[in-house]
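Welcome, and please open the model in your viewer. We will go from the whole chain down to a few side chains.

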Amino acid sequence: MTNSSPNSINHAEVCVLWVTKGVEQNFGKEIKEMMSGHSKEKVIVHDTAVLGRPNVSEMSVNAANNFGAQVVIVTSNPQGSRDVVNACKANGIAAFGPIWDS
């Protein structure tokens, strides 16, 4: 999710929503510490091993609205990407994800 002002051509504020399982176990302590070293408004890490499976579409829309995002970029499996893109678009938020046609 990005939010950039018209006066800052080469600058964009970024918010990350990362839903994954076992952050430290699968990505290591260094990545976990790096991700937790930012404000919780800008970097949201939802560890499904600890917090359970969320409604990612709802989380994405809420995070985009809270951050004031101009666009949401999704990287997920085909169904997850479609769900998030469709939920964002239904809420007036531009959203883009991978094309799964090949």
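What percentage of the residues of the protein count as buried? Of its 102 residues, 30% do, where buried means under 20% relative accessible area, exposed over 50% and partly exposed in between, with a 1.4 Å probe and protein chains only. Before you click further, note that this is a predicted model: local features need pLDDT of at least 70, side-chain atom pairs count only at pLDDT 80 or more, and totals for chains, interfaces and linings use all residues. Residues are numbered from 1 along each chain as its sequence is written, and side-chain values use heavy atoms, leaving out hydrogens and water.

Now switch to a cartoon view. You will find five helices and six strands, taken as DSSP runs numbered from the N terminus (helices: H or I, at least four residues; strands: E, at least two). Walking along the sequence, the order is β-β-β-α-α-β-α-α-β-α-β.

Select Cys15 and then Cys88. Cys15 is buried at 3% relative accessible area, and Cys88 is buried too, at 0%. As for disulfides (cysteine sulfur atoms within 2.5 Å), the count is zero.

Last stop: select Trp18 and Phe27. A search of the whole structure finds one aromatic pair, with ring centres within 6.5 Å as the criterion, using the six-membered ring for Trp. Trp18 and Phe27 form this pair, 4.9 Å centre to centre with 65 degrees between the planes, which makes it edge-to-face (over 60 degrees; under 30 is stacked, the rest tilted). Phe27 is partly exposed, at 40% relative accessibility.
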